[in-house]
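Please look over the model below before reading on.

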Amino acid sequence: MNGIKLISTGSAVPKKVVTNDDLAKIVDTNDEWISTRTGIRSRRYCTDGESHTSLCLAAARQALERGGVTPGEIGICLVATVTPDFLSPAAACLLQKELGFPEDTICFDLNAACSGFLYALDLAQPYIDSGKAKRILITCAEAISRLCDWTDRSTCVLFGDGAGAAIVGAGEGLL
């Protein structure tokens, strides 16, 4: 293993901010109960015009721009998520099309939530080491608010929507 380095990152969150006080209006809870147990005071939820795909695109575009990486340099597009907009096509394929990655770019989704970025880095390593890809876009995103049980205060207070993206390549500095 030669190691991989972090080239750039990007992030995206929906516009709608939901506070603990907002949640207290729909479930038996309050700001003190949530914040002392979780440290969370607010989270973001997708609303009209926002989606898993739009969050992925915004985060990925930011990472590409920050890293000075062109679409043609991306050899693999990997999306870690459990809440894609569609089961098929994969979220990674939607990114490939919208971002203009070459047709031979390897694209796939990884069904992983909280640990998704770590699993994605682990998957990226052998592709970088083997030379099959020089640059890999890893996007981790969730739009979990659409799946929450709004009657269960032990879980609905924990989750929000958002996306993060990272571009990794060969080199020392990460793994």
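H52 is part of helix α3. The coordinates come from a predicted model. Is H52 buried or exposed? Its relative accessible area is 0%, and since the cut-off for a buried residue is under 20%, H52 counts as buried.

The surroundings of H52 can be listed by contact. Leaving aside neighbours within four places in sequence, H52 is in contact with V79, T81, T83, P84, D85, A91, A141, E142, A143 and R146.

Helix α3 spans residues 52-67 and lies across β1, β4 (74-80), β6 (135-143) and β7. Its direction runs at about 130 degrees to β1. Helix α5 (residues 116-130) packs on the sheet as well, touching β1, β4, β5, β6 and β7. The direction of α5 makes about 165 degrees with that of β6.

What is the order of the strands in the sheet? The sheet is open and has five strands, in the order β1-β7-β6-β4-β5, with mixed pairing. β1 (4-12) and β5 (106-110) are the edge strands; each has a single partner strand, so one side of each is left without a neighbour in the sheet. From one strand to the next, the twist averages 15 degrees.

At the β1 edge, the pairing can be followed residue by residue. β1 and β7 (residues 161-170) pair in the antiparallel sense over eight bridges. Within this pairing, G10 stands opposite A165 in β7.

Key:
Residues numbered from 1 in each chain as written. Predicted model: local features only at pLDDT ≥ 70, side-chain atom pairs only at ≥ 80, totals over all residues. Heavy atoms only, no water. Pairing = 2+ DSSP bridges. Helix = DSSP H or I, 4+ residues; strand = E, 2+ residues; numbered from the N terminus. Axes fitted to C-alpha atoms, helices over the stretch in contact; angles between N-to-C directions. Contact = heavy atoms within 4.5 Å. Buried < 20%, exposed > 50% of the residue type's maximum accessible area, 1.4 Å probe, protein only.
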